[in-house]
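Please read the following report alongside the sequence and the coordinates.

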Amino acid sequence: QVQLVESGGGLVQAGDSLRLSCAASGRTFSNYPMGWFRQAPGKEREFVAAISGSGLGKTYADFAKGRFTITRDNTHNMVFLQMNSPKPEDTAVYYCASSRVLARENSAYDYWGQGTQVTVSA
């Protein structure tokens, strides 16, 4: 029912800025929270950030707080993750996902994108 497509990943130097994008279709976009997750090689998927349907509520993982910013543009069915001062340990595949409640657990999300690779070199 919902299709999510991430873009904006790539190879960046530590300290650069990067903005990931997620385009959504199918579900009434503005009614649902959205989240960003990431999965590094050999690691389990972990929560990065989430935003409420209206865009007024946000929550971040500790490692993301102060460096990453989640935003959304409901008129264009888009959600973004602004990554400032990324570090090599931020290297991972980044996924956007749609949920029915604002949550930090991946089990709360019912639709997932295919992911976009972010590689941060020192």
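## Arginine 38 and its polar partners

The side chains of arginine 38 and aspartate 90 are joined by a polar contact of 2.8 Å, a polar contact being a pair of N or O atoms within 3.5 Å, where within protein one must be able to donate a hydrogen and the other to accept it, and where residues adjacent in sequence count only if both atoms are side-chain atoms. The side chain of arginine 38 also makes a polar contact with the side chain of glutamate 46, at 2.7 Å. This is a predicted model, in which local features need pLDDT of at least 70 and side-chain atom pairs count only at pLDDT 80 or more, while totals for chains, interfaces and linings use all residues. Residues are numbered from 1 along each chain as its sequence is written, and side-chain values use heavy atoms, with hydrogens and water left out.

Arginine 38 is placed in strand β4 (residues 34-39), where strands (E, at least two residues) and helices (H or I, at least four) are DSSP runs numbered from the N terminus. With a relative accessible area of 6%, arginine 38 is buried; buried means under 20% relative accessible area, exposed over 50% and partly exposed in between, for a 1.4 Å probe and protein chains only. Neighbours within four places in sequence aside, the residues in contact with arginine 38 include Phe63, Phe68, Ala92 and Tyr94, contact meaning heavy atoms within 4.5 Å.

## The disulfide

The structure holds one disulfide, defined as a pair of cysteine sulfur atoms within 2.5 Å, and this disulfide joins cysteine 22 to cysteine 96 with an S to S distance of 1.9 Å. Because cysteine 22 lies in strand β3 and cysteine 96 in strand β9 (residues 92-99), the pair ties together parts that are 74 residues apart in sequence.

The torsion about the S-S bond of cysteine 22 and cysteine 96 is about 55 degrees, so the disulfide is right-handed. Cysteine 22 is buried at a relative accessible area of 0%, and cysteine 96 likewise counts as buried at 0%.

## The four-stranded sheet

Strands β1, β3, β8 and β7, in the order β1-β3-β8-β7, form an open sheet with antiparallel pairing, two strands being paired if DSSP finds at least two bridges between them. The edge strands, each pairing on one side only, are β1 (3-7) and β7 (68-73).

Strand β1 runs antiparallel to β3 (residues 18-25), and five bridges join these two strands. Glutamate 6 has cysteine 22 as its bridge partner in β3.
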